[in-house]
Amino acid sequence: MIKFYDKVEKVFKWILIASLSIMAILNFSNVLSRYLLHASLSFTEEVTTNLFVYNTFIGAAIGARHGGHLGLSIISDRLSFKASRIMLFIANIVSAMLFATLIYFGYGMVKSQFIYGQTTAALGLPEWWFGMAIPVGSLFIMFSFVVAGYETLMKGEA
Amino acid sequence: MGSVGILLFTLFALLLLLNIPIAASLGLASVIAMYVFNLPVKVYSYTMYAATAKFTLLAIPFFILAGMIMEKAGISKRLIDFANKAVGHMRGGLAIVSVLTSSFFAAISGSGPATVAALGTILIPAMDDEGYDKGMASALLASAGAIGIIIPPSIAFVVYGVVAQVSIGKLFIAGIVPGLLFGMSLIVVSLIVSKKYKLKKHEVSTPKELFESFKESFWGLLTPFIILGGIYGGIFTPTEAAGVAVFYGLFVGFFIYKELKLKDLGELFVNASVSSAVVMLIVSSASVFAWIITTQGIASKIAASVMAATSSKIVILLMINIILLVAGMFIDAISAFYILLPIFIPILNTIGVDLTLFGVIMTVNLAIGQVTPPVGVNLYVACGIADISLARISKAVVPFLVASIIALMFITYIPAISLWLPNLLGL
């Protein structure tokens, strides 16, 4: 499972690089075109902000695996190594459960966007393309928290 | 504050104590409270999505990326070298250098821990070499890093502007003088504390050396002027400024300092995305939490009970400051904005406190929170670099904390410190 996850993580990293580059380029071209071509590319805002949602959820998945999400360790620091491992394991699994519920609610949101055929304001693209970021991103985050929990248990005494 | 509010906050505190990440604690507390009180739980994903897909918040990944690019381009060592040639020969020179470069780096990066990491790796060992106590040096760098979120550009101001619906450009300008005052107070403490150390003496640099070093760091020193000048001149918005900063950093890194390599970029983009995602996940879960606070009238109930107790502006501001300092010990600035601002805003409107001024007050409070144990992100970064215990740095940071709190009191009760500059510029 870990080996498989490592491969997935590589794909995630490429998605992050691609999305952040496109976001930065679109944002900068908008400034340039306003001054050089006197034309506003404001429709690009829609693409940038929606890529941002994907970027956030996938970035958060990588953060989840590597313990990047800020937490309060005042109690776990005072526990024995074994007890603190168990506590961290539970914390990861509980976090994974939150994102499991989010997959469910995100799916509901995407389904209604799909059924009602909602489109975005500027480009007229189907809303659900972008709404998908929530359930799909939550799935990745959930998976990463599970992997992180598993790795916590497996970790030997430092 | 009503039973929803009590459940919400109790759950949040419990989950936090279990070492569940802040973002997940906020989300779980919200989902459970919504479920128990029969609120429409499906609001969750809509609110999360709407909170994340905001053009203004794009400034967060861009400023983080710009800071990382600048750092990789070799900006910090040039800034340190220039500051060192300018004031290094004075007594307590390196301490002054630390504060000055932190203030400048803050003007590029906008994040506290990033500032500590970039400068601490060079300055903490350097101060240790020169005879400063390692604990003191780390505590100073951690505190100076907190200036990172006060001096613009600042991720904290971006989020505050979004939550309180205040102009981010104005907040940026309002943060400059308070940030410098904060830095001054740290310098004063360092000079007093370092009296007891035997420090090495430095030669005064020649004007030629000083000029050479200035020339080297010029492109870095120019960054804040481009960012702030562009925003103030109406050339671009704060979000666009962040994007411009990214390309400026790439330009300097590739063509001027020539230290940036194409193969470094992938890692920088991944790291910036992950750091931004950690902040943004908090933003998205905290916005659900804030949605409950606002729609369930929790905020207005608390506001009403505060106003019933006292209507003195001085007392209320003091109370708010104490709440924020305590909150800052346990949670990060971003969650604090989402959780506490909806509660404070009705109170502030009643007693007539300017929301831009309050943005500065709140940010300074939470900046102090970055250096107060048990959860002081800057302390962790600094003691990691210096390889000392959290206990040692926590002890050494006390005089700096006292000075910071005194600066905070000045900023709270003398509005002109924050508002003079934006008013002068007609913002």
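Modeller: B:E212 counts as partly exposed, at 39% relative accessibility; buried means under 20% relative accessible area, exposed over 50%, and partly exposed in between (1.4 Å probe, protein chains only). This is a predicted model, in which local features need pLDDT of at least 70 and side-chain atom pairs count only at pLDDT 80 or more, while totals for chains, interfaces and linings use all residues. Residues are numbered from 1 along each chain as its sequence is written, chains are lettered from A and ligands numbered from 1 in the order in which they are written, and side-chain values use heavy atoms, with hydrogens and water left out.

The partner of B:E212 is B:K215, and their side chains form a salt bridge at 3.8 Å, N to O. A salt bridge here is a side-chain nitrogen of Lys or Arg within 4 Å of a carboxyl oxygen of Asp or Glu. Both residues sit in helix 11 (residues 207–232) of chain B, and because they are 3 residues apart, about one helical turn separates them. Helices are DSSP runs (H or I, at least four residues), numbered from the N terminus. B:K215 is also partly exposed, at 46%.

Another salt bridge in chain B joins B:R392 to B:D133, with the closest N and O atoms 3.1 Å apart. This pair connects distant parts of the chain: B:R392 is in helix 19 (residues 390–396) of chain B and B:D133 in the loop between helix 7 (112–130) and helix 8 (134–146), 259 residues apart. B:R392 is partly exposed at 37%, and B:D133 is partly exposed at 29%.

In chain A, the closest N and O atoms of A:E9 and A:R65 are 3.3 Å apart, and the two residues form a salt bridge. A:E9 belongs to helix 1 (residues 2–37) and A:R65 to helix 2 (residues 44–65) of chain A, so the pair ties together parts 56 residues apart in sequence. A:E9 is buried, at 7% relative accessibility, and A:R65 is buried at 10%. Both belong to a network of salt bridges that links A:D6, A:E9, A:R65 and A:E151. Over all chains, the rule counts 10 salt bridges.

Now to where the chains meet. There, 52 residues of chain B are in contact (heavy atoms within 4.5 Å) with 53 residues of chain A. The area buried between the two chains is about 4,800 Å², of which carbon and sulfur atoms give 77%. Buried area is the accessible area (1.4 Å probe) that two parts lose on being put together, summed over both.

Across this interface the rule finds 1 salt bridge. A:R34 and B:E240 form a salt bridge through their side chains at 2.9 Å, N to O. Several helices of chain B each supply at least two residues of the side that touches chain A, among them helix 1 (2–17), helix 12 (238–256) and helix 13 (265–295). Helix 13 of chain B gives the largest share of that side, 11 residues. By class, the side of chain B that touches chain A has 38 nonpolar, 10 polar and 4 charged residues. Ala, Val, Leu, Ile, Met, Phe, Trp, Tyr, Cys and Pro count as nonpolar, Asp, Glu, Lys and Arg as charged, and the others, Gly among them, as polar.
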